[in-house]
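This briefing covers a ligand site, a pocket and a few individual residues. Please consult the sequence and the structure shown below alongside the points that follow.

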Amino acid sequence: MRRPLIVGNWKMNSDKAGAAALASAIAKGFATAGRADAAVCPPFVYLPLVADAIAGSAIALGAQNMCAEPSGAFTGEVSGPMLVDLGCRYVILGHSERRQLFGESDAVVNRKLIAALKTSLTPIVCVGELLAQREANQTTDVIQSQIAGSLAGLTADEVRRIVVAYEPVWAIGTGKVATPEQAEAVHLDLRRMLATRYNDQLAAETRLLYGGSVKADNARSLLACPNVDGALVGGACLKAEEFLAIIAAAN
Ligand code: PEP
């Protein structure tokens, strides 16, 4: 019922030639890799050349962030309509690096989410707890509050269009991956939260991705969890063969 989705978050990596080569290699390999949906999210400046490199393949294009405003005097920002104009299908919102390093609160994520939903973009909304919060048994409360704040005021029809990524902050870029049991438990919680806030059908249909040190060699066990519908991949998506192996594991 829920198609697997594997998303590569390139973060602020690569250069022009490297971005084109990586995107081309992924697009070329994807034809034989399988049936899961897949997307690459390069830095803003490389979106056009990556769009060209993946043209004609089933790999979708995504961005790592966007402005909550559609246009105007917002120096240095990039809007949702601009991303659509460049061929983006997805936008990552509320990544923990945005929250921690750039001060994005749930309220900011909510404004961006509302703006993204006014376009054709599919937002990928990230939530996740810090290590100290997990150790203090606060994971469910933290996720619940991030969901409540990020999705505030949204209708079921709007939430039906989003993807949620559970990314425990302690697992991002650390090589310390959540166990399949830990990921599955939070994903089950997320489904319960969506069912309570909206309805059972929406909760059952929403794609929930896991992110945090996913690699080719741990992807299969994480993706085998009944409530893990895909992965948001950082470091491992910068090597085409590694990213393609994760996509293959999703089949
Ligand atoms: C991420 O940045 O979303 C991420 C999951 O990174 P990594 O896979 O490197 O932990």
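The ligand is surrounded by 14 residues, of which the closest are Lys11, His95, Glu167, Gly173 and Ser213; a residue is counted as near when one of its heavy atoms lies within 4 Å. The model is predicted, so that local features need pLDDT of at least 70 and side-chain atom pairs count only at pLDDT 80 or more, while totals for chains, interfaces and linings use all residues. Residues are numbered from 1 along each chain as its sequence is written, and side-chain values use heavy atoms, with hydrogens and water left out.

**Ligand site**

- A backbone N or O atom of glycine 173 is 2.6 Å from an oxygen atom of the ligand, within the limit for a polar contact (a pair of N or O atoms within 3.5 Å).
- For glycine 234, a backbone N or O atom lies 2.8 Å from a ligand oxygen atom, and a polar backbone atom of glycine 235 is 2.8 Å from an oxygen atom of the ligand.
- Taken alone, the ligand exposes 290 Å², and the protein buries 97% of that (Shrake-Rupley method, 1.4 Å probe).
- The shell around the ligand consists of four nonpolar, eight polar and two charged residues; Ala, Val, Leu, Ile, Met, Phe, Trp, Tyr, Cys and Pro count as nonpolar, Asp, Glu, Lys and Arg as charged, and the others, Gly among them, as polar.

**Largest pocket**

- The volume of the largest pocket is about 470 Å³; a pocket is an open set of points on a 1 Å grid where a 1.4 Å probe fits, with protein on both sides within 12 Å along at least five of seven lines.
- The largest pocket is lined by 19 residues, and the closest to its centre are Met12, Gln64, Asn65, Arg98 and Phe102; lining residues have an atom within 4 Å of a point.
- Helix 4 (residues 96–101) contributes the most to this lining, with three residues; a helix is a DSSP run (H or I) of at least four residues, and a strand (E) one of at least two.
- The lining comprises 10 nonpolar, five polar and four charged residues.

**Individual residues**

- Alanine 203, in helix 10 (residues 200–205), is buried at a relative accessible area of 4% (buried is under 20%, exposed over 50%, partly exposed in between).
- Serine 14 lies in the loop between strand 1 (5–9) and helix 1 (16–33); its phi is near 85°, a positive value in a residue other than glycine, and at 38% relative accessibility serine 14 is partly exposed.
- Asparagine 137 is in the loop between helix 6 (131–135) and helix 7 (139–150); its phi is near 60°, also positive in a residue other than glycine, and asparagine 137 is exposed at 69% relative accessibility.

Conventions: A polar contact is a pair of N or O atoms within 3.5 Å; within protein, one must be able to donate a hydrogen and the other to accept it, and residues adjacent in sequence count only if both atoms are side-chain atoms. Grid points are joined across faces, edges and corners, and a volume is the space filled by probe spheres set on the points. Buried means under 20% relative accessible area, exposed over 50%, partly exposed in between (1.4 Å probe, protein chains only).
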